[in-house]
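Biologist: I have a model open and would like to learn how to read it. Can we go through it feature by feature?

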Amino acid sequence: MEQKNELLSLMESEDVIETIEKLKKELLQFLNFDELTEDILHRLINRIEVKEDGTPIIHYRFTTPKIE
């Protein structure tokens, strides 16, 4: 019970709530866009390589979840 109370108080701290709100705003920007801007593209993609045959290799800034 004591651990539960500690975790609950940590969750309610200003820093955690503030961080979650910032993340929420960032995600909403990506979900509600009408036009793909250069800024959005740079936030999502690290670099794009093009092979000799013209096939693109896209390196994203986030990792894809592993399915086990």
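**Reading the model**

Modeller: Start with one residue. Asp 39 is partly exposed, at 46% relative accessibility. Buried means under 20% relative accessible area, exposed means over 50%, and partly exposed lies in between (1.4 Å probe, protein chains only).

Biologist: What kind of model is this, and how are residues numbered?

Modeller: This is a predicted model, where local features need pLDDT of at least 70, side-chain atom pairs count only at pLDDT 80 or more, and totals for chains, interfaces and linings use all residues. Residues are numbered from 1 along each chain as its sequence is written, and side-chain values use heavy atoms, with hydrogens and water left out.

Biologist: Where is confidence lowest, and where is it highest?

Modeller: Read pLDDT as the predictor's confidence in each residue, from 0 to 100. The protein averages 78, and 79% of the residues score at least 70. Helix α2 (residues 14-31) is lowest, at a mean of 74, while β1 is highest, at 92.

Biologist: Which elements does the protein have, and in what order?

Modeller: Helices (H or I, at least four residues) and strands (E, at least two) are DSSP runs, numbered from the N terminus. Here there are three helices and two strands. The order from the N terminus is α-α-α-β-β.

Biologist: How do the strands β1 and β2 run?

Modeller: Two strands pair if DSSP finds at least two bridges between them. Strand β1 (residues 45-50) and strand β2 (residues 56-60) are antiparallel and joined by five bridges. Glu 49 sits opposite Ile 57 in β2. The two strands form a hairpin with five residues between them. In the turn, Gly 54 has a positive phi of about 95°.

Biologist: How many salt bridges are there?

Modeller: The rule asks for a side-chain nitrogen of Lys or Arg within 4 Å of a carboxyl oxygen of Asp or Glu. The count is two. One joins Asp 39 and Arg 43 (3.5 Å, N to O). Both residues lie in helix α3 (residues 38-44), four residues apart, about one turn of the helix. Arg 43 is partly exposed, with 35% relative accessible area.

Biologist: And the partner of Glu 49?

Modeller: Glu 49 meets Arg 47 in a salt bridge (2.9 Å, N to O). Glu 49 is partly exposed at 32%. Arg 47 is partly exposed too, at 43%.

Biologist: Which residues form the nonpolar patch on the surface?

Modeller: Patches are made of residues with over 30% relative accessible area and no salt bridge; like charges are joined within 9 Å, nonpolar side chains (Val, Leu, Ile, Met, Phe, Trp, Tyr) within 5 Å. Accessible areas come from the Shrake-Rupley method with a 1.4 Å probe; for residues, only the protein chains shown count as cover. Ile 48, Val 50, Ile 58 and Tyr 60 make up this patch, with about 390 Å² of accessible area together. The elements giving two or more residues to it are β1 and β2. Tyr 60, in strand β2, is partly exposed at 44%.

Biologist: Which residues does Phe 30 touch?

Modeller: A contact means heavy atoms within 4.5 Å. Phe 30 is in helix α2. Leaving out residues up to four places away in sequence, Phe 30 touches Ile 40, Arg 43 and Leu 44. Phe 30 and Ile 40 are 10 residues apart in sequence and 7.4 Å apart in space, C-alpha to C-alpha.

Biologist: What about the protein as a whole?

Modeller: Buried residues make up 3% of the 68 residues. Of the contacts with a separation of 6 or more, 0% are between residues 24 or more positions apart.
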